[in-house]
Amino acid sequence: MAVVAITGAGRGIGLELARQHAEQGDKVYAFLRDPQGSDALNAIVAQYQDLVLPIAMDVGLDASVAEAASHVKDRVDILYNVAGIVGPIAPELDQSDWTAWNDVLNILLMAPLRVMQALLPKMEAGSKVMNFSSQLAASWWPYGGFYAYGAAKAGLNRMMRSVAIDLKDQGIVIGLIHPGYVQTDMGGPGAEITPEESAKGVRAVAQSWTIEESGEFKRWNGEAHPL
């Protein structure tokens with residue numbers, strides 16, 4: 001039985017990761033802002049009982065992350081940093097909503113490090129931190145807009161590659177994953193793959209990720225993602 005921790009576990013890919021890990025008998029620390037507000041997660045909790053523990057966590061707040069992490073009593077084998085927001089979409093050529101930018105940078109860039117730091121005492125050699133990145137982080141992305149989102153995801157990639165170097169001697173694996181264009185609230189119903197397909201692929205990629213590959217950027221199907 002593996003022990004996994006998942007941020008953004010109340011919906012989308014995070015929710016599906018919680019379901020699939022519980023289905024295979026893993027213990028899941030399911031972090032989300034409002035544990036009582038996710039009927040879908042509570043249905044999984046009811047089905048798998050002691051395997052899934054919903055815990056309140058606002059990844060954007062230091063105190064909330066620290067409090068949530070204090071409830072983790074096991075070695076963490078895999079941390080999935082899933083929680084995210086989109087922020088401004090349209091081109092920002094005349095002005096920007098800097099409050100929205102701060103929110104995006106906090107949730108997409110700072111929060112994965114914040115959560116990892118809080119759970120690092122629960123990790124050992126072989127533990128893995130899988131960070132949800134995006135194809136928008138790649139230099140070849142051919143479209144405009146999404147300034148804050150793209151900047152935050154590119155920053156996440158650069159930051160976590162540095163973390164991978166700094167944790168390599170401890171044997172802790174850092175991964176960056178593009179989960180695909182997924183049919184979630186963020187991706188919309190016209191996206192290419194379902195949350196079930198994405199989560200299945202992400203789980204397989206996380207399972208096979210080695211310390212020699214720490215810091216690499218991959219797609220949900222295991223292919224190397226260009227930077």
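1. Let's start with Phe146, which is partly exposed in this predicted model, at a relative accessible area of 27%. Its backbone deserves a look too: although Phe146 is not a glycine, its phi is positive, at about 55 degrees. You will find Phe146 in the loop that runs between strand 5 (128–132) and helix 5 (147–167).

2. A second residue with this kind of backbone is Gln49, where phi is positive at about 50 degrees even though Gln49 is not a glycine. Gln49 sits in the loop between helix 2 (39–48) and strand 3 (52–56).

3. Now for the aromatic rings. How many aromatic pairs does the structure hold? There are four. One of them joins Trp98 and Trp101: the ring centres are 5.5 Å apart and the planes lie at 55 degrees, so this pair counts as tilted. Trp98 and Trp101 are three residues apart in helix 4, and therefore about one helical turn separates them. Buried or exposed, how do the two partners compare with the solvent cut-offs? Trp98 is exposed, with a relative accessible area of 55%, whereas Trp101 is buried, at 16%.

4. Phe146 comes back here as a ring partner of Tyr149. Their ring centres are 6.4 Å apart and their planes stand at 65 degrees, so the pair is edge-to-face; the cut-off for that label is over 60 degrees. Tyr149 is buried, with a relative accessible area of 11%, while Phe146 is partly exposed. Please also have a look at Trp140, Trp141 and Tyr143, which together form one aromatic cluster.

5. Next, the packing of helix 4 (residues 98–119) against helix 5: their axes are 9 Å apart and the packing angle is about 20 degrees. Helix 4 is therefore roughly parallel to helix 5, as angles under 35 degrees count as such. The crossing of helix 4 past helix 5 is right-handed.

6. Which residues of helix 4 meet helix 5? On the helix 4 side they are Trp101, Val104, Leu105, Leu108, Leu109, Pro112, Leu113 and Met116. Their counterparts in helix 5 include Tyr149, Ala152, Lys153, Gly155, Leu156, Met159, Met160, Val163 and Leu167. Sorted by class, this contact has 18 nonpolar residues, one polar and one charged.

7. The last point concerns helix 1 (residues 12–23) and helix 6 (residues 195–208), whose axes come within 9 Å and cross at roughly 65 degrees. Helix 1 passes helix 6 in a right-handed crossing. From helix 1, Gly12, Ile13, Glu16, Leu17, Arg19, Gln20 and His21 take part, and they meet Pro195, Glu196, Ser198, Ala199, Lys200, Val202 and Arg203 of helix 6. By class, the contact of helix 1 with helix 6 has five nonpolar, four polar and five charged residues. For reading side by side, the contact of helix 4 with helix 5 has 18 nonpolar, one polar and one charged.

Definitions and conventions. Residues numbered from 1 in each chain as written. Predicted model: local features only at pLDDT ≥ 70, side-chain atom pairs only at ≥ 80, totals over all residues. Heavy atoms only, no water. Helix = DSSP H or I, 4+ residues; strand = E, 2+ residues; numbered from the N terminus. Buried < 20%, exposed > 50% of the residue type's maximum accessible area, 1.4 Å probe, protein only. Axes fitted to C-alpha atoms, helices over the stretch in contact; angles between N-to-C directions. Parallel < 35°, antiparallel > 145°, perpendicular 65-115°, else oblique. Left-handed = near helix turned anticlockwise from the far one by under 90°. Contact = heavy atoms within 4.5 Å. Nonpolar A, V, L, I, M, F, W, Y, C, P; charged D, E, K, R; others polar. Phe/Tyr/Trp six-rings, centres within 6.5 Å; stacked < 30°, edge-to-face > 60°.
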